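Me: I am new to this structure. Please take me through a few of its features, with the general idea before each case.

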Amino acid sequence: MNQNKDRIVVTGMGTVSAYGVDDKALWSAIQDGVLPPMQINLDQKEVPRVVRVNQFEAAEFLGKKGLQFMQPSSLYLSVASVLALNDAAVDIESVQSDRLGIVVSTNYSGLKMSSQFDKTSITEGPKFVSPMQAPNSIVNSPASYLAIRIQSRAFNTTIASGFCAGLDALGYAVSMLKKKNADTVVVGGTEEWNDEIEWYYENAGLLPKKDFEKSGKAFHTESEGIMPGEGSAAVVLERYEDAIKRGATILGELVSWYSCFTSTESSESRIRGSIRCMDTVIQNGHEYNKNIDLIISGANGLPKQDSIELNALNKSFPNTLILSIKNTIGETSGAAGLFQLVSSIHAIRNKKIASHALLNSSSNKLNDIRTILLTGNDLSGGTSSVLVKESI
């Protein structure tokens, strides 16, 4: 029996974030717990702290052609994906387009332009709507721009499943690779920040009502809501045998993915749903002894959500260390799961993580990280998990 069959590995990654176009700088900030300067809208009385993209010029990576009508989320994704492909040493000019696939996770791409389309149509009339902006009014516009740029023709899928979207996109990509619907898959998550998204977050009750300094504190009882963030993270996934055959550097391995849904407001039911999801992803990955070195949580500072996840983690993994990256990058929604994966790769490759970055560590550092569980919980009752490990 070929033990390498169906193994899916990460061979490249790239990020666009508040810490520049540099995934190593991002990881350093996560370990140090450093927050970048926050962008504050002084025209409003109460505004959230927002972790915005910094040090970013898309033309430096994409050239100037074709950028005029691209919205920020599309630009972020294209740059992060190009960086990931370069990191994986994948030559777009020589890769077979019919064997290159794209999976993108995003929840709010298109919201700004679709809102503006509606407003213009109602207030000024349909003839005043710009046809050049029409492609930007749909949620899959970032994926479409990316497919054109890298000439991907195997498949092009956008996942918009709330806070779990990034992890679900990884699960979808793994499935497509195992079915051999592609040889190389770019998986990217992307979100931008704008007034329309702020309006939604505020009316959905996700932002603090008073003290924004208390936002985004994962697992903290005094946290009063999320701290929004924006940016993109992308990875290149391949089957293990294909990566070895072309001499690629393997950064890590995606072992398994699983998703559950609990349609109830009961916290106890939601906790059981989270436990079921985590237990299943470990069983699917044949890690029955729950030998998990680190958990990178999707907690974001919403007390009810965080409490559900923490209770589930404490019951399933009482002695496992927990890291929440959203204390540093903010809640990037559809992009969050990809940022979690990039963080897990850095943790595995560095073999250690600073204790002050962890929720429950008293030691100076944790050494020899090999297996990491990524978790996510959505407001609607969805929960997803991905198991990542060092590839040997």
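Me: How much space lies in the second largest pocket?

Reply: On a 1 Å grid over the protein atoms alone, a pocket is an open set of points with protein on both sides within 12 Å along at least five of seven lines, while a cavity is a set where a 1.4 Å probe fits but cannot get out. A volume is the space filled by probe spheres set on the points, which are joined across faces, edges and corners. Here the second largest pocket holds about 340 Å³. This is a predicted model, where local features need pLDDT of at least 70, side-chain atom pairs count only at pLDDT 80 or more, and totals for chains, interfaces and linings use all residues. Residues are numbered from 1 along each chain as its sequence is written, and side-chain values use heavy atoms, with hydrogens and water left out.

Me: Which residues have the most contacts inside the largest nonpolar core?

Reply: A nonpolar core is a set of buried Ala, Val, Leu, Ile, Met, Phe, Trp, Tyr and Cys residues joined through side-chain atoms within 4.5 Å; buried means under 20% relative accessible area, with a 1.4 Å probe and protein chains only. In the largest core, of 52 residues, they are Val187, Val235, Leu237, Leu294 and Leu323. Helix H6 (residues 165-178) gives the most to this core, with 8 residues.

Me: What does Leu323 touch, leaving aside its neighbours within four places in sequence?

Reply: Contact means heavy atoms within 4.5 Å. The partners of Leu323 include Trp27, Ile30, Leu294 and Ile353.

Me: How far apart are the end C-alpha atoms of helix H9?

Reply: The expected span of a helix is 1.5 Å times one less than its number of residues. For the 18 residues of H9 (residues 267-284) that gives 26 Å, and the end C-alpha atoms are 26 Å apart, which agrees. Among the buried residues of H9 are Ile271, Ile275 and Met278. Just after H9, His286 takes a positive phi of about 60 degrees.

Methods. Helices (H or I, at least four residues) and strands (E, at least two) are DSSP runs, numbered from the N terminus. Buried means under 20% relative accessible area, exposed over 50%, partly exposed in between (1.4 Å probe, protein chains only). On a 1 Å grid over the protein atoms alone, a cavity is a set of points where a 1.4 Å probe fits but cannot get out, and a pocket is an open set with protein on both sides within 12 Å along at least five of seven lines; lining residues have an atom within 4 Å of a point.
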